Amino acid sequence: MRKIAAIDIGSNAVRMLICYVFPSGDEYVFQKNSYLRLPIRLGEDSFKNGIISNEKISLLTNAILSFKYIIKVHGVNDYKIYATSALRESRNSKEVISIVKKNTDLNIELITGLKEAKIISKGNSLEKIEFNKTFLYVDVGGGSTEFSILRKGKEKMSKSFKIGTVRLLNNLVDDSILMEIKKWLKSNIDNDDKIKLFATGGNINKIQSMTGSKSGKPISYLSIKDLSNTLMEFNYQERMMKFDLNPDRADVIIPALKIFITTMEFVKANKIFVPKSGLVDGMINEIFYENNASKLDS
C-alpha cells in the first residue's frame, strides 16, 4: 500500500487530497484518506491586477507549508503540486513559485488549461459507462472551465476556456467566451447524439445537496434553474445565513450556476450527473500510474 498526495493551487482555493492505493485482484483501489481546502482566492489578484500580491504570496506559502507537514505525518510516498489559471496568468508567477520553494522546499508546476482538462478527465470513469452515448464532462473552477468529450468510445477531446466563478464575479469575462464554448461543443457533438452530462467541483457538490438531489442521482435542469432564481433573490450575507453557505461559497455559487445552466442549454441536456471528482482526483491517478504501478507490481 502506498500513499499519494495531490495539491491543486486553484483560482479560488488550494486543495490537497491524500489517497491510499493498494492492489485488489487485477485492479488498484484508490481510497481517499484526507482532504483539505483553503480558500485563498489567488484569482482576485491575478485576474484584476495581473500579479499575485505579497499578502496572497504569504498565504499561499503558509498553506503549502501546512500541507508539507500533513504530508509528512501521513508518510506520503509521492506528491505533485499543480497550479492552474490564476498563477499561470500572473506576471510574477516565477517569483511566487521561487518564494514558495525557498520556504517549503516543495516544487510547484504550472500546467496549461489543456493539460488541466485532460488530468480532470483521468479522475472519472466515463469510459466504463455505455458507449452508445456521448459523454460531456465539465469542471468549473475559479479562473477557467474545462470540458472533455467522449463520443461513442473514441478518444477524449478536451479544451479549457477562460471563464470561471472568480472571473465572472469580477466582470472579467467577455460574452464571446460563451459563444466560443457553444461553437466548440457544437463542432464536436452531433445533433442526434445522446448526451450524458457530468460536472465536478465544490460548487456542483453543494448545488446537489441544496436541490435535495440524492448522491448518485442526477440533478434536473429545472432544479438547478429554480435554485439559481431563488439564490439571486438574496444578497451575499443573506445567502450565507439562509442557506448555510460558507463565505467563500456564497458568492461564487451564483456564477457557477450560470455556467452549468448555460452548458446544459447549449447541449440540450435536461439533467446533470455529479461523480464528485476533480483535478486532485485526476492528479492522484496520474501520479500513481507514472510512478508507482511498477513498484506495486514488484
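The legends below describe close-up views of a predicted model. The model is predicted, so local features need pLDDT of at least 70 and side-chain atom pairs count only at pLDDT 80 or more, while totals for chains, interfaces and linings use all residues. Residues are numbered from 1 along each chain as its sequence is written, and side-chain values use heavy atoms, with hydrogens and water left out.

**View 1. Helix α2 packs against helix α4.** Helix α2 covers residues 54-74 and helix α4 covers residues 93-104, where helices are DSSP runs of H or I with at least four residues, strands are runs of E with at least two, and both are numbered from the N terminus. The two helices pack at an angle of about 40 degrees, with their axes 10 Å apart; axes are lines fitted to C-alpha atoms, for helices over the stretch in contact, and angles run from 0 to 180 degrees between N-to-C directions. That angle makes α2 oblique to α4, a class left over once angles under 35 degrees count as roughly parallel, over 145 as roughly antiparallel and 65 to 115 as roughly perpendicular.

**View 2. Residues of α2 meet residues of α4.** From α2, Ile57, Leu60, Thr61, Ile64, Leu65 and Lys68 meet Val96, Ile99, Val100, Asn103 and Thr104 of α4, contact being defined as heavy atoms within 4.5 Å. Sorted by class, this contact of α2 with α4 has 7 nonpolar, 3 polar and 1 charged residues, with Ala, Val, Leu, Ile, Met, Phe, Trp, Tyr, Cys and Pro counted as nonpolar, Asp, Glu, Lys and Arg as charged, and the others, Gly among them, as polar.

**View 3. Glu116 is a buried residue of helix α5.** Helix α5 spans residues 113-122, and Glu116 within this helix counts as buried because its relative accessibility is 6%, buried meaning under 20% relative accessible area, exposed over 50% and partly exposed in between (1.4 Å probe, protein chains only). Leaving aside residues up to four places away in sequence, Glu116 touches Thr84, Arg88, Ile111, Ser144, Glu146 and Leu279.

**View 4. Arg41 and Asn171 have positive phi values.** Arg41, in the loop between β3 (27-38) and α1 (43-49), has a phi near 60 degrees, a positive value in a residue other than glycine. Asn171, in the loop between α6 (165-169) and α7 (175-188), has a phi near 55 degrees. Arg41 is buried, with a relative accessible area of 9%, whereas Asn171 counts as exposed at 71% relative accessibility.
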